[in-house]
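Biologist: Could you walk me through this one? I'd like to start with the strands and then turn to the helices.

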Amino acid sequence: MSARRIVVWCPDWPVVAAARAAELEPLVPAAVFAANRVVACSATARESGVRRGMRRREAQGRCPELVVCDHDPSRDVRLFEPVVTAVEELVPGVEVVRPGLVAVPARGPARYFGGEEVAAEKLVDEIDAQTGVECRIGVADGLFAAILAARHARHVEPGGSREFLAPLPIEEVEQLADRLGQKQAAQQPELVDLLRRLGIRTLGEFAGLGRADVATRFGPAALLAHRAAAGQEERPVKRRRPPPELVVTEELDPPVDRVDRAAFVAKALADELHAKLGDLGLACTRLGISARTGNGEELHRIWRCAEPLTPAATADRVRWQLDGWLNGRNRKGRPTAGLDELSLRPEEVVGAGGLQLDLLSAATGEAAARAGRAFARVQGMLGPESVLTGVLGGGRDPRDQVRFVPWGDERRAGLPAEPPWPGRIPAPSPTVVPGAPWPARVLDESGESVWITGRMGLSAAPHRVEVGGGRSRAVAGWAGPWPVTERWWVDLLAGGSGQTAPESHAPPRALVRLQVVLVQDEAGSADEDSGEVALLLVHERGDWWVQGTYR
């Protein structure tokens with residue numbers, strides 16, 4: 001069973017922090033923007049139609065009095081530190097998931113205060129008394145379920161997380177975006193859209209899918225979401241206790257009381273920590289940040305991450321936490337002297353192979369830059385054409401819609417991808433498009449070849465299809481034909497050269513497409529591909545070819 005957790009969630013924290021920093025009135029509509037899109041907005045802004053992800057111009061069009069604020073993670077952490085301190089005064093073991101969201105173990109507080117619900121009420125009262133911040137509390141098995149319980153202000157009984165999650169809409173998996181690297185987080189809306197098109201509307205329906213099917217069809221980010229939707233921990237419990245020698249410490253002489261100076265030291269510590277982790281084949285998923293002041297005060301905070309931290313991500317979190325300690329408005333936790341010692345401790349590590357970062361992961365610019373340098377070295381040894389990048393473009397033929405350009409060249413498509421493209425294959429596109437079309441034969445019920453008539457129709461209904469000289473398969477359904485006449489002027493210029501066709505057949509350069517669904521015969525051999533498969537066939541110059549397959 002997943003561990004019980006109490007989650008404290010402060011709604012719309014980025015905009016709450018921005019409003020507090022700018023000393024805005026509570027009812028003033030405001031929104032925080034990053035890359036010209038809404039990251040968070042206030043309740044009054046939402047009432048005017050502003051939504052997360054909306055472009056700035058559209059948001060201001062819907063709410064002309066909207067106050068625009070820039071996204072500032074350091075500000076969010078700095079102003080959230082008093083909330084974390086208020087929680088920590090009642091409950092030990094606080095973990096910062098992100099600014100605006102903290103999690104604590106539920107077992108200890110429940111025993112001390114006489115129940116989980118009583119502990120939740122104590123936390124709400126303490127946060128309100130010390131900071132005046134509105135928050136919601138959720139209790140459930142597993143972090144994901146507890147986060148959603150906090151969003152709905154629910155107390156989920158032990159063992160009831162899966163039942164609590166089951167009726168929630170599939171869009172809730174986007175709440176995992178804060179637990180992922182940026183690339184996988186960007187894939188969550190695409191995953192939600194795909195699941196909805198497949199008819200999966202709730203978390204319960206998603207959790208009912210087979211784990212192997214999810215892993216092979218949707219990828220690692222979807223597998224994490226699948227475990228969370230089932231009320232399980234995001235990762236199986238295979239965690240290791242970090243060796244003591246992984247702690248890295250730096251003495252600061254003279255003591256540091258400025259964030260920029262402390263952040264410079266944090267960068268060196270982060271590099272040293274990750275060098276040690278790399279030597280042992282480990283990755284850090286829970287980072288402990290500790291500091292000691294000149295007056296002997298001890299400061300400690302734990303940051304939880306789903307993806308393994310990189311050196312740059314570690315340095316960012318240390319800088320944010322130092323900003324919260326040194327420049328925050330926390331009347332109780334702010335140090336009374338400069339920091340004379342800073343240390344980093346990996347509170348939880350996993351095998352680095354189990355959480356391998358994508359080669360082109362956008363979690364930081366470091367991975368992309370490293371991949372770019374490797375590609376450039378390959379091009380230096382083998383030539384510019386040795387590393388190519390696919391660029392989507394326009395065209396009627398599926399093969400024309402992808403153009404390969406050398407790595408580093410401008411990735412501009414040669415043809416516009418947007419319509420009009422008369423004769424283009426409608427969505428969905430073929431799953432596999434062979435570099436060279438495969439030869440095929442289309443047979444009618446009597447075993448004769450099907451050909452295209454002069455009126456661009458089929459000579460007979462397709463009954464069987466044979467691909468590449470192999471065993472033929474029965475046709476379960478077909479659609480078409482759809483003629484595409486291109487380069488017709490070539491035939492006019494070649495008039496009298498013998499390139500004409502009988503009236504009962506299509507012109508030589510006429511291209512006709514046909515979609516067929518094939519099924520495996522009962523007499524088919526056991527080693528053949530079973531089940532249904534759909535093909536995109538083209539008829540050109542008297543022959544049939546397979547231009548793509550649908551799976």
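**Sheet and helix packing**

Modeller: Keeping in mind that this is a predicted model, the sheet is an open one, built from 3 strands in the order 3-2-4 with mixed pairing.

Biologist: Which strands stand at the edges?

Modeller: Those are strand 3 (37–41) and strand 4 (67–70); each has a single partner strand, so one side of each is left without a neighbour in the sheet. From one strand to the next, the twist averages 40 degrees.

Biologist: And in what sense do strand 2 and strand 3 pair, parallel or antiparallel?

Modeller: Strand 2, which covers residues 30–34, pairs with strand 3 in the antiparallel sense over 4 bridges, and Ala34 has Arg37 in strand 3 as its bridge partner.

Biologist: What does helix 1 lie across?

Modeller: Helix 1 (residues 13–22) lies across strand 2, strand 3 and strand 4, and it runs at about 110 degrees to strand 2.

Biologist: Switching topic, at what angle do helix 4 and helix 6 cross?

Modeller: The axes of helix 4 (residues 73–90) and helix 6 (residues 116–131) cross at roughly 135 degrees and come within 9 Å, which means that helix 4 is oblique to helix 6. The crossing of helix 4 with helix 6 is right-handed.

Biologist: Which residues make that contact?

Modeller: Helix 4 contributes Pro82, Val83, Ala86, Val87, Glu89 and Leu90, while helix 6 contributes Lys122, Leu123, Glu126, Ile127, Gln130 and Thr131.

Biologist: How many of them are nonpolar, polar or charged?

Modeller: Sorted by class, the contact between helix 4 and helix 6 has 7 nonpolar, 2 polar and 3 charged residues.

Methods: Residues numbered from 1 in each chain as written. Predicted model: local features only at pLDDT ≥ 70, side-chain atom pairs only at ≥ 80, totals over all residues. Heavy atoms only, no water. Axes fitted to C-alpha atoms, helices over the stretch in contact; angles between N-to-C directions. Helix = DSSP H or I, 4+ residues; strand = E, 2+ residues; numbered from the N terminus. Parallel < 35°, antiparallel > 145°, perpendicular 65-115°, else oblique. Left-handed = near helix turned anticlockwise from the far one by under 90°. Contact = heavy atoms within 4.5 Å. Nonpolar A, V, L, I, M, F, W, Y, C, P; charged D, E, K, R; others polar. Pairing = 2+ DSSP bridges.
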